[in-house]
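I opened this entry to log what I looked up, one topic at a time. The structure comes first, then my notes.

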Amino acid sequence: MSELSVNHLLGIKYLKKEDIELIFKTAKHFKEVINRPIKKVPSLRDVTIANLFFENSTRTRLSFELAEKRLSADVVNFSAASSSVKKGETLVDTVNNILAMKVDMVVMRHPNPGAGIFLSKQVDASIINAGDGAHEHPTQALLDAFSIQEELGDIGGKRVLIVGDILHSRVALSNIYALKKMDAKVMVCGPKTLIPKHLHKLGVKVETNLDKALAWCDVANMLRVQNERMDVNYFPSTKEYVKQFGLTKKRLEKLNKELVIMHPGPINRGVELSSELADSDQAIILDQVENGVAVRMAVIYLLAAKIKQL
Amino acid sequence: MRKIILKAVRIIDANSKHHQSVQDILIENEIIIKIDHSIEDSEAQLIAIEDLHLSPSWFDPSVSFGEPGFEDRETLVNGIKTAGLSGFAQIGLNPNTNPVTDTQTGIRFAQQYNSSQAVEVFPLGALTKEAKGKDLAELFEMQQAGAIAFTDYKQPIENPNILKIALQYAQGFGGLVQSYPLEIQIAREAQVHESLNSLQLGLKGIPAFAEEIQIKRDLAILAYTGGKLHIPFVSTKNALKLIEEAKADGLQVTCGVAIHQLFYNDAVLHEFDTAKKVMPPLRDEEDRLALVAGVESGIIDCVSCDHLPRTPEEKQVEFEHALPGSIGLESAFGALNRLFGLEKTISLLTQSRKVFQLEEYSIQEGQKASLSLFLPNENYTFSEHDVISSNKNSIFYGEKLKGKAIGVIHNNQLLLKQL
């Protein structure tokens, strides 16, 4: 396979396994590029990309921007608080305004699930979903899976545990899709209040005891508790949460194996992950960040190739 | 109305001796004068349309327009025309206007065209003032003015004591109280059915039990107060079971379902299509099948199109911002006829009158002429072309439907589509 089966990256759900493999192969090449003394390639000199962030983001936006610049694309940035852009007309109008300035590709983060899909039907540009509500965050899932592959050699058959606030997490859903497509085994762990009722139907194991879950897995991906998305208290206190679901060195010492520890950032140190572990060799958190740029370069590059064909 | 002769029409009316026969019908001054194989009258207006079928006129108990306050959704005049050309001579009109229809003045306003049109509006009054769920509206006065039931439409009655008081109070004058079945603290901000589909869409879901515990609550209150309770929209298998049991226990409870609920499950939401966003939400296939079975068995008393026009600004936006609802008058007959066949469909389109204690009609000589006119054998794909409403927010586009209504004769008036 030499090109993607899709014209937009709206979610992992819409990708084939071969798409993911192609993205990884391309990302591997770009990772080598960004480690050269001259980190830039001229591939996208005639492509203009708009980064539209309708929700706050620092890391994802920086990572995309860097990826775009390493590919020599022209970049424009737009940020708006979600509260000021309430209606879809405004969203379509905003994007059409920017497209009228001859933008080829839109990277969008938006608080509403499906916003990227909505946009892809309304405007004539290639859309990359950089997170839409609790729906998907496909580039995060791709960089996570890419990092696992890099660390363990292969994803197929590996046991990956996702811990924490699954209910409010787009990262969890996209990760589950990506890992299942790459034939990994997936388990989630957290308080039952933060695990969607029907999650097991995706072929995912559900566990509420972190020690049991850790004994099962090869990789533990620790998610942040998203207090800002909670309409009620899903657990009584952070203290209780940490006691049950915080990953500490003490917990790991009970195991007779080395786990790979991941986190999509930003970390609440001392909550889902102790500082000691976050800074340990077992944690590949900063590799994830580096791989994020390479994977996003790959996605942009491969989608741009499809625009040129049109 | 001038004299009318309907030529060679097939009569669908299980209560008439002319059921399933092809006849000429002479109508004069609102009365069916003669039904015979061949009637000639040179003074009469002739209506001769190939394959024309007639039945006693249809009634839909849950229609929303928008006037006053939301005229951009639909006006009374165009709404009435839409209903008539869709075969409905009588409609129950919801109080979801601005201001809310919560006084006798509002009830009279909704009926302003009743004397001059072929479509008769039966308003539903709000149960509580401004439909806020706090204090009872003036139910007796509204009933005197013509209200056929009391409802805060799709605002659930959060406070059980309000329902208790309403059920007790309305018994004094035989008022019918409606309660929308949703436990709002469980549903919270969610807008779709909780299922694997909602999970995959990243949308918060309303679990089926949010409907069921509200119905359980309401039935417990009804058992205490006595009186009559109507649950206008059920959407889950277990909700139906609860109502079936309550009926068997002798409670005076009735229920209804929206036609789109019989047609679709929540899998159709997979591309965040806001046209498919409705309340109650589309549920599982198992629920859908149970609802269809409930209609067939008669546990469900009323079938409604739940006509709810929305403007493009309210619909063509991101899924979470889009308002729920679909227009339904234009597709009602074709959808039901495809699902249930003609005779059952006609029975469904007329039987809700019992719940609301409205006059029933039959096609016999000497009876009042209240008729729906339709072509039941036309197969087509439903499209914007079929829509008469001011707004086009239909859930049924692209659906293969069977049969089209073409008009009504009611109230000494004829309303007929240009064919």
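**Interface**

I began with the two chains together. About 2000 Å² is buried between chain B and chain A, and carbon and sulfur atoms give 55% of that area. On the chain B side, I looked for the residues that lose the most area to chain A: they are B:L199, B:Q200 and B:E318. Together these account for 29% of what that side buries. I then noted who takes part: 20 residues from chain B and 28 residues from chain A. I remind myself that this is a predicted model.

**Sheet in chain A**

Next I checked a sheet in chain A. I found an open sheet of four strands in the order 2-1-3-4, with parallel pairing. Which strands sit at the edges? They are strand 2 (74–79) and strand 4 (126–132) of chain A, and each pairs on one side only. From one strand to the next, the twist averages 15°.

I looked at one pair within this chain more closely. Strand 1 (residues 48–53) and strand 3 (residues 105–110) of chain A run parallel and are joined by five bridges. In this pairing I see A:I49 opposite A:M105 of strand 3 of chain A. I also asked what packs on the sheet, and noted helix 4 (residues 115–122) of chain A. This helix touches strand 3 and strand 4 of chain A. Its direction makes about 145° with that of strand 3 of chain A.

**A:K158**

I then located A:K158. This lysine lies in the loop between helix 5 (138–152) and strand 5 (159–163) of chain A. What does A:K158 touch, leaving out residues up to four places away in sequence? I listed A:L152, A:A184, A:K185 and A:D218. I also took one distance, C-alpha to C-alpha: A:K158 and A:I195 are 22 Å apart in space and 37 residues apart in sequence.

**Hairpin in chain B**

I moved to chain B. Strand 2 (residues 22–28) and strand 3 (residues 31–36) of chain B run antiparallel, with five bridges joining them. B:E28 stands opposite B:I31 of strand 3 of chain B. The two strands form a hairpin with two residues between them. In the turn, I noted that B:N29 has a positive phi of about 50°.

**Helix 4 and helix 7 of chain B**

Helix 4 (residues 160–170) and helix 7 (residues 209–225) of chain B pack at an angle of about 40°, with their axes 10 Å apart. I therefore logged helix 4 of chain B as oblique to helix 7 of chain B. Their crossing is right-handed. From helix 4 of chain B, the contact uses B:P160, B:L163, B:K164, B:L167 and B:Q168. From helix 7 of chain B come B:R217, B:D218, B:I221, B:L222, B:Y224 and B:T225. I sorted the residues of this contact into six nonpolar, two polar and three charged.

**Helix 12 and helix 13 of chain B**

How do the axes of helix 12 (residues 329–340) and helix 13 (residues 342–355) of chain B cross? They come within 7 Å and cross at roughly 130°. That angle makes helix 12 of chain B oblique to helix 13 of chain B. I noted this crossing as right-handed.

Conventions: Residues numbered from 1 in each chain as written. Chains lettered and ligands numbered in written order. Predicted model: local features only at pLDDT ≥ 70, side-chain atom pairs only at ≥ 80, totals over all residues. Heavy atoms only, no water. Axes fitted to C-alpha atoms, helices over the stretch in contact; angles between N-to-C directions. Parallel < 35°, antiparallel > 145°, perpendicular 65-115°, else oblique. Left-handed = near helix turned anticlockwise from the far one by under 90°. Pairing = 2+ DSSP bridges. Contact = heavy atoms within 4.5 Å. Buried area = accessible area lost by both parts, 1.4 Å probe. Nonpolar A, V, L, I, M, F, W, Y, C, P; charged D, E, K, R; others polar.
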